[in-house]
Number of protein chains: 2
Amino acid sequence: MDALAQQLNFILELDKLKAVYRQALVKADNNRQENSAEHSWHIAMLAPVLQEHVAEEVDLLRVIKMLLIHDIVEIDAGDTFAFSEQGDLDAQHGKELAAANRIFGLLPESQFQEYRSLWLEFEEATTADARFAKAMDRILPLLQNMQNEGGSWAKHGVKKSQVLKRNQYLEVIAPAIWQYVCAQIEIAVNKGWLKDQ
Amino acid sequence: MDALAQQLNFILELDKLKAVYRQALVKADNNRQENSAEHSWHIAMLAPVLQEHVAEEVDLLRVIKMLLIHDIVEIDAGDTFAFSEQGDLDAQHGKELAAANRIFGLLPESQFQEYRSLWLEFEEATTADARFAKAMDRILPLLQNMQNEGGSWAKHGVKKSQVLKRNQYLEVIAPAIWQYVCAQIEIAVNKGWLKDQ
């Protein structure tokens, strides 16, 4: 198969991400569940809009690419709720690694390597680009839950400490947004949407 | 309102694009209609994957930004089928311009100007970046229809000449993809998915 055929094959495979549903609800569309394709678009939009608040230097194109591809592995591995048990999250990582090999493996070799590396970089979050991307992926559900009377937090009895820990990427990379997030978490506790633990 | 508050307000407004439904069907999800948010993700993925086939020099970050924002105006203006009457398409453009002013106007002034300009550049398609972005937006429905027994073409009785004209951006900017598209169109005519006119 030539490169173009491989690339178009990959593009068509991506359609399946529109059938992977998450815990987050789309308030604007009768509170139906959100799928991972539209979620990926939304967080890819967050990065350029909020870049001015980032304290470290980042390469915006790499960040956006990471956000666009970060959930593609869910085509095979499915979505796991962020606040699941650690054992479930570990098992999920193994499934996602296999998925990255299969799905990015549809592409020509050099693109396979690029996308697999970008996805791993996002997962490990040890570079400034990946930390910024990760922070964007984590702030959006918070914004959505605050619009939606606690949304998935309230539904699953999530604790304040869990949300603080999950968003802590922001503290170093985007202090102004971290302050905003901490204030929102206090509001959520006061409204009973998050457990005060 | 400070910049961060304006930006987060804009981000939340974007949720509404997930409730704008298009003519294209998502084969992987029981042939439900596709929404413009997940469509925007899908075409933003196309650009980096197919960049090697582009004959002119393009700025990939600008192209991806255009693709991410190009349908946001539909939050107010709704989606118009690509092969609608010219009068309907002209009326749609006026609605979209007002929508661009309102929605991008939620952002701080410099971002408002940047996004409005990028959106207009995409619409006018007179730069290499915008032509590449436009070509990506137009090739995806073709790929989807070919997977779906003619999809929206068959449903609306679309003609071969309309699809050729719509994808002609490819001829100069990505000749290899244009050849592929022409071959696919012939297949679609032979299968009766497109009218041979």
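Is A:Glu38 buried or exposed? At 0% relative accessibility, A:Glu38 counts as buried. Here are some notes to read alongside the model, which is a predicted one.

1. **A:Glu38 and its partner.** The side chain of A:Glu38 is in a salt bridge with A:Arg32, and the closest N and O atoms are 2.8 Å apart. With a relative accessibility of 0%, A:Glu38 falls under the 20% limit for burial, so it is classed as buried.

2. **The hairpin in chain A.** Strand S1 (residues 21-26) and strand S2 (residues 32-35) of chain A run antiparallel and are joined by 3 bridges. Within this pairing, A:Leu25 stands opposite A:Gln33 in S2(A). The two strands form a hairpin with 5 residues between them. Have a look at A:Asn30 in the turn, where phi is positive at about 55°.

3. **The hairpin in chain B.** S1(B) and S2(B) also pair in the antiparallel sense, over 3 bridges. Here B:Val26 has B:Arg32 in S2(B) as its bridge partner. This hairpin has 5 residues between its strands, and B:Asn30 in the turn has a positive phi of about 55°.

4. **A helix-to-helix salt bridge in chain A.** A:Arg102 and A:Glu13 form a salt bridge, with the closest N and O atoms 2.7 Å apart. This pair links distant parts of the chain: A:Arg102 is in helix H5 (residues 86-104) and A:Glu13 in helix H1 (residues 3-13), 89 residues apart. Of the two partners, A:Glu13 counts as buried at 11% relative accessibility, whereas A:Arg102 is partly exposed at 35%. Both belong to a network of salt bridges that links A:Glu13, A:Lys16, A:Asp76 and A:Arg102.

5. **The pair B:Glu13 and B:Arg102.** In chain B, the side chains of B:Glu13 and B:Arg102 meet in a salt bridge of 2.7 Å, N to O. B:Glu13 is buried, with 12% relative accessibility, while B:Arg102 is partly exposed, with a relative accessible area of 36%.

6. **Helix H1 of chain B.** Which residues of H1(B) are buried? They are B:Leu4, B:Gln7, B:Leu8, B:Phe10, B:Ile11 and B:Glu13. What they pack against comes from both chains: helix H2 (36-50), H7 and helix H11 (175-190) of chain A, and helix H4 (74-77), helix H5 (86-104) and H6 of chain B.

7. **The area between the chains.** Chain B and chain A bury about 4,400 Å² between them, and carbon and sulfur atoms give 73% of this area. B:Ile11, B:Lys18 and B:Trp41 supply 17% of the area that chain B buries against chain A, more than any other three residues. The contact takes 51 residues from each side, chain B and chain A.

8. How many salt bridges cross the interface of chain B and chain A? There are 2. The side chains of B:Glu34 and A:Lys18 meet in a salt bridge at 2.7 Å, N to O. Across the interface, 24 residue pairs are in polar contact. On the side of chain B that touches chain A, H2(B) gives the largest share, 11 residues. By class, that side has 33 nonpolar, 8 polar and 10 charged residues.

9. A:Gln144 is found in helix H7 of chain A and counts as buried at 6% relative accessibility. Beyond its neighbours within four places in sequence, A:Gln144 is in contact with A:Ala24, A:Glu34, A:His42, B:Asp15 and B:Lys18. A:Ala128 is also found in H7 (residues 128-147), and it is buried, with a relative accessible area of 16%. Leaving aside neighbours within four places, A:Ala128 is in contact with A:Glu56, A:Glu57, A:Val58 and A:Ile173. A:Ala128 and A:Gln111 are 17 residues apart in sequence and 22 Å apart in space, C-alpha to C-alpha.

Conventions. Residues are numbered from 1 along each chain as its sequence is written. Chains are lettered from A and ligands numbered from 1 in the order in which they are written. This is a predicted model: local features need pLDDT of at least 70, side-chain atom pairs count only at pLDDT 80 or more; totals for chains, interfaces and linings use all residues. Side-chain values use heavy atoms; hydrogens and water are left out. Helices (H or I, at least four residues) and strands (E, at least two) are DSSP runs, numbered from the N terminus. Buried means under 20% relative accessible area, exposed over 50%, partly exposed in between (1.4 Å probe, protein chains only). Contact means heavy atoms within 4.5 Å. Two strands pair if DSSP finds at least two bridges between them. Buried area is the accessible area (1.4 Å probe) that two parts lose on being put together, summed over both. A salt bridge is a side-chain nitrogen of Lys or Arg within 4 Å of a carboxyl oxygen of Asp or Glu. A polar contact is a pair of N or O atoms within 3.5 Å; within protein, one must be able to donate a hydrogen and the other to accept it, and residues adjacent in sequence count only if both atoms are side-chain atoms. Ala, Val, Leu, Ile, Met, Phe, Trp, Tyr, Cys and Pro count as nonpolar, Asp, Glu, Lys and Arg as charged, and the others, Gly among them, as polar.
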